[in-house]
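This report describes side-chain contacts in a predicted model. It covers charged pairs, then aromatic rings.

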Amino acid sequence: MEDSFRAIIEALGENPDREGLLRTPYRAARAMEFLTQGYEQDLDEIVNGAVFESSNDEMVIVRDIELYSLCEHHLLPFFGKAHVAYLPSGKVIGLSKIPRIVDMYARRLQIQENLTQQIGQSIERVTHAMGVAVVIEAQHLCAMMRGVQKQNSSMITSVMLGRFREDPRTRQEFLELIRSGSR
């Protein structure tokens with residue numbers, strides 16, 4: 001990967017041997033490894049058995065989970081917040097596992113639409129919940145720094161599974177609860 005970054009620097013017309021760029025290929029390769037570490041992670045290892053019996057069947061929400069990802073079309077960052085909810089069906093997942101699942105998928109080359117689906121489907125698979133909802137609000141540097149260059153635009157995606165899809169009241173409760181915390 002370092003050789004590839006060195007070649008990119010050269011293709012830009014820069015001298016990779018000048019003082020400020022001497023270790024840039026190394027640093028860029030390490031940064032890319034970090035930003036895409038989700039490929040090395042596994043859902044079952046992240047959850048690590050942290051699914052527990054519970055009689056709770058009311059909505060569980062983890063809101064404002066910051067996320068950072070790379071657009072698979074331009075390799076530019078997008079960043080924002082994920083809001084994840086589920087309706088337990090005899091089992092709950094450890095609180096820290098939901099942000100870890102968000103990070104696992106965000107730390108891959110992504111489009112926001114797929115990221116939202118992957119998170120929802122994974123929470124559903126692990127918890128066997130009666131329903132799962134995911135909303136992601138993000139800003140994309142590919143739309144801010146290049147292309148349309150719209151600095152204040154953001155993208156919102158959602159996935160509603162199970163009762164969140166079937167029952168408008170459940171969906172509405174979730175949307176109201178995540179909005180009430182964003183004020």
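Asp-44 and Arg-125 form a salt bridge through their side chains, with an N to O distance of 2.7 Å. Asp-44 belongs to helix α3 (residues 43-47) and Arg-125 to helix α5 (residues 112-127), so this contact ties together parts that are 81 residues apart in sequence. Both partners are partly exposed: the relative accessible area is 47% for Asp-44 and 46% for Arg-125.

A salt bridge also joins Lys-91 and Glu-53, whose closest N and O atoms are 2.6 Å apart. Because Lys-91 lies in strand β4 (residues 91-93) and Glu-53 in strand β1 (residues 51-53), the pair ties together parts 38 residues apart in sequence. Lys-91 is partly exposed at 27% relative accessibility, whereas Glu-53, at 63%, counts as exposed.

## Other charged contacts

Arg-18 is partly exposed, with a relative accessible area of 38%, and Glu-14 is partly exposed at 35%. The whole structure contains ten salt bridges.

## Aromatic pair

The structure has one aromatic pair. The ring centres of Phe-164 and Phe-174 are 5.8 Å apart and the planes stand at 75 degrees, so the arrangement is edge-to-face. Phe-164 sits in helix α7 (residues 163-166) and Phe-174 in helix α8 (residues 168-180), ten residues apart. Phe-164 and Phe-174 are both buried.

Conventions. Residues are numbered from 1 along each chain as its sequence is written. This is a predicted model: local features need pLDDT of at least 70, side-chain atom pairs count only at pLDDT 80 or more; totals for chains, interfaces and linings use all residues. Side-chain values use heavy atoms; hydrogens and water are left out. Rings of Phe, Tyr and Trp (its six-membered ring) pair if their centres lie within 6.5 Å; planes under 30 degrees apart count as stacked, over 60 as edge-to-face and the rest as tilted. Helices (H or I, at least four residues) and strands (E, at least two) are DSSP runs, numbered from the N terminus. Buried means under 20% relative accessible area, exposed over 50%, partly exposed in between (1.4 Å probe, protein chains only). A salt bridge is a side-chain nitrogen of Lys or Arg within 4 Å of a carboxyl oxygen of Asp or Glu.
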